[in-house]
Amino acid sequence: MKVLAINSSARKNGNTSILIDTVFEELNKEGIETEMIQLAGQVIEPCKACWACGGRENCVHKKDQFQELFEKMKEADGIILGSPVYSANVSSTMQAILERAAVIGDMNQGILKHKVGAAVIASRRGGAVNAFDTINHFFLNHEMFVAGSTYWNIGYGRMPQEVKNDTEALENMRNLGQNMAYLLKALKR
């Protein structure tokens with residue numbers, strides 16, 4: 001089994017990455033392979049609404065690394081989408097990923113069906129629940145199972161590494177990793 005994480009933060013190895021790595025530690029303990037793609041410094045273009053993805057199972061536009069990302073999403077058993085909150089919602093990079101992947105999913109029904117999804121959000125203060133909901137709506141609209149924890153999968157910290165001070169968030173991420181591993185294994189039975 002494999003879980004792919006896409007980190008849409010502008011900071012490589014920042015707070016979003018720390019939260020995802022905490023989830024990964026638990027998945028790895030359960031023998032689940034993990035991979036994180038960090039998009040810091042990368043540009044993911046928005047959907048062009050050309051509908052050419054119908055029957056192709058991927059976007060036809062090749063100016064960025066979206067095609068590679070979506071192929072990995074299709075191959076993974078579980079997907080973690082991680083985003084910081086910059087303006088009361090997901091990052092613009094995550095929004096572009098969600099929009100393009102959603103159109104492919106709409107044009108190719110069931111392409112992500114029965115995968116396990118988890119949203120991971122890093123926030124300074126406000127907008128975290130909006131970002132969490134945005135990602136979870138994507139998962140639910142594409143017939144994925146959403147792994148949860150004892151509280152929303154949100155960690156607080158503004159400056160690099162500050163999320164390490166949010167001990168409740170780190171414990172929540174560990175619990176998320178355990179729940180995600182349980183769900184992935186239950187689905188494989």
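Rings of Phe, Tyr and Trp, the last by its six-membered ring, pair if their centres lie within 6.5 Å. Planes under 30 degrees apart count as stacked, over 60 as edge-to-face, and the rest as tilted. The model used here is predicted.

**Exercise 1. Aromatic pairs**

Find how many aromatic pairs there are, and classify the pair Y151 and W152.

Solution. 
1. The rule gives four aromatic pairs.
2. In one of them, Y151 and W152 are 6.1 Å apart, centre to centre. The cut-off is 6.5 Å.
3. Y151 has a relative accessible area of 55%, so Y151 is exposed. W152 has 43%, so W152 is partly exposed.

**Exercise 2. Helix α5**

Check the length of helix α5, residues 167-188. Then say what its buried residues pack against.

Solution. 
1. Helix α5 has 22 residues, and at 1.5 Å a residue it should span 32 Å.
2. The end C-alpha atoms of α5 lie 32 Å apart, which agrees.
3. The buried residues of α5 include A169, L170, M173, L176, M180 and L184.
4. An α-helix has 3.6 residues a turn, so residues three or four places apart point the same way.
5. The buried residues of α5 pack against β1, α1, β3, β4 and β6.

**Exercise 3. The cavity**

Give the volume of the largest cavity and describe its lining.

Solution. 
1. One cavity reaches 30 Å³ or more.
2. The largest cavity holds about 80 Å³ of space.
3. Its lining residues include C47, W51, H61, R100 and I104.
4. By class, the lining has eight nonpolar, one polar and two charged residues.

How values were computed
Residues are numbered from 1 along each chain as its sequence is written. This is a predicted model: local features need pLDDT of at least 70, side-chain atom pairs count only at pLDDT 80 or more; totals for chains, interfaces and linings use all residues. Side-chain values use heavy atoms; hydrogens and water are left out. On a 1 Å grid over the protein atoms alone, a cavity is a set of points where a 1.4 Å probe fits but cannot get out, and a pocket is an open set with protein on both sides within 12 Å along at least five of seven lines; lining residues have an atom within 4 Å of a point. Grid points are joined across faces, edges and corners, and a volume is the space filled by probe spheres set on the points. Ala, Val, Leu, Ile, Met, Phe, Trp, Tyr, Cys and Pro count as nonpolar, Asp, Glu, Lys and Arg as charged, and the others, Gly among them, as polar. Buried means under 20% relative accessible area, exposed over 50%, partly exposed in between (1.4 Å probe, protein chains only). Helices (H or I, at least four residues) and strands (E, at least two) are DSSP runs, numbered from the N terminus. The expected span of a helix is 1.5 Å times one less than its number of residues. Contact means heavy atoms within 4.5 Å.
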